[in-house]
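Subject: Structure handover and notes

Hello,

Here is the structure we talked about. Please open it before you read on, and keep it beside this email.

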Amino acid sequence: PIVDVRRMVFPTFACAGFDCLANKGALLARIRLPGQADPVDIVTTHLNSRRASRVADERSNHAFAEELADLGQLFRHNHDPRNPLVVAGDFNAGQTPARRAALIDHATRDWTPGVRVDNAYDAARNIGIALSTDALLSRQRARDWEFFAPGAMTNMTLRGIEVPFGHDATGAMLSDHVGYTAIFDMGPRT
């Protein structure tokens, strides 16, 4: 069951270009899993794009930075660091090193201070999980990310990454994103 929901909308100054036409923000749902000691905080979000927003990079990067800061506030005020955490969404970091670095920095520094936050693709590489062609493409494009962190009493171990939609049999993209699902084993933390 969902035991709590928190949501936030990014302020109007935290958007740029065409991205201002779609109200963006974040949603945190706290879910109690049968047999687990801790509920899981699951967060989804969508951050400002860079080139697709059709404004100067400086402006879109400013909006991106503002949204990351606001997202950090959501975690500080609503995420219980005793709970495992999954954060997934369209982060629009892309192949821009500064955006990727800012995203990773915020995730590892702001979201659950004192708790290790991993992203699914790096964790998969570190433990030798093979990725499909679509998963490799998604990792390279770096728009969609999934982060995770254990809880005080519940550990999360990445078991695999699946791509439910990517390319069809003819090779055509099924979406402008290659969405993926990280699969976790959860159990008592020792």
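Start with one question: the charged end of which residue sits over the ring of phenylalanine 64? It is arginine 99, and its charged end lies 4.3 Å from the centre of that ring. Keep in mind that this is a predicted model.

**The two helices**

Arginine 99 and phenylalanine 64 also belong to a helix contact. Phe64 is in α1, and Arg99 is in α2. Helix α1 covers residues 57-78. Helix α2 covers residues 97-109.

Two packed helices are described by the angle between their axes and the distance between the axes. Here the angle is about 10°, and the axes of α1 and α2 are 10 Å apart. Angles under 35 degrees count as roughly parallel. Helices α1 and α2 are therefore roughly parallel to each other.

Which residues meet in this contact? From α1 come Ser60, Asn61, Phe64, Leu68 and Ala69. From α2 come Arg99, Ala102, Leu103 and His106. These residues divide into five nonpolar, three polar and one charged.

**Aromatic pairs**

Next, the rings. A pair of aromatic rings is described by the distance of the centres and the angle of the planes. The count comes to seven aromatic pairs.

Take tryptophan 111 and phenylalanine 147. Their ring centres are 5.1 Å apart. Their planes stand at 85°, and planes over 60 degrees apart count as edge-to-face. So this pair is edge-to-face. Tryptophan 111 and phenylalanine 147 are both buried.

Now compare tyrosine 121 and tyrosine 180. Their ring centres are 4.3 Å apart, and their planes are at 40°, so the pair is tilted. This pair also links distant parts of the chain, 59 residues apart. Tyrosine 121 is in helix α3. Tyrosine 180 is in the loop between β7 and β8. Are these two tyrosines buried or exposed? Tyrosine 121 is buried, at 4% relative accessibility. Tyrosine 180 is buried too, with a relative accessible area of 12%.

Ring pairs also build a cluster. It links Phe75, Phe91, Trp111, Trp145 and Phe147.

**Two positive phi values**

Look at the backbone next. Asparagine 92 has a phi near 55°, which is positive in a residue other than glycine. Asparagine 92 lies in the loop between β4 and α2. Its relative accessible area is 11%, so asparagine 92 is buried.

Alanine 142 also has a positive phi, near 55°, and is not a glycine. Alanine 142 is in the loop between α4 and β6. With a relative accessible area of 1%, alanine 142 is buried.

**A residue at the surface**

Last, go to valine 9 in strand β1. At 53% relative accessibility, valine 9 counts as exposed. Where does the chain come back to valine 9? Leaving aside neighbours within four places in sequence, valine 9 is in contact with Asn23, Lys24 and Gly25. Valine 9 and glycine 25 are 16 residues apart in sequence, but their C-alpha atoms are 4.1 Å apart in space.

Best wishes

Notes:
Residues are numbered from 1 along each chain as its sequence is written. This is a predicted model: local features need pLDDT of at least 70, side-chain atom pairs count only at pLDDT 80 or more; totals for chains, interfaces and linings use all residues. Side-chain values use heavy atoms; hydrogens and water are left out. Helices (H or I, at least four residues) and strands (E, at least two) are DSSP runs, numbered from the N terminus. Buried means under 20% relative accessible area, exposed over 50%, partly exposed in between (1.4 Å probe, protein chains only). Axes are lines fitted to C-alpha atoms, for helices over the stretch in contact, and angles run from 0 to 180 degrees between N-to-C directions. Angles under 35 degrees count as roughly parallel, over 145 as roughly antiparallel, 65 to 115 as roughly perpendicular and the rest as oblique. Contact means heavy atoms within 4.5 Å. Ala, Val, Leu, Ile, Met, Phe, Trp, Tyr, Cys and Pro count as nonpolar, Asp, Glu, Lys and Arg as charged, and the others, Gly among them, as polar. Rings of Phe, Tyr and Trp (its six-membered ring) pair if their centres lie within 6.5 Å; planes under 30 degrees apart count as stacked, over 60 as edge-to-face and the rest as tilted. A charge sits over a ring if NZ of Lys or CZ of Arg is within 6 Å of the ring centre and within 35 degrees of the ring normal.
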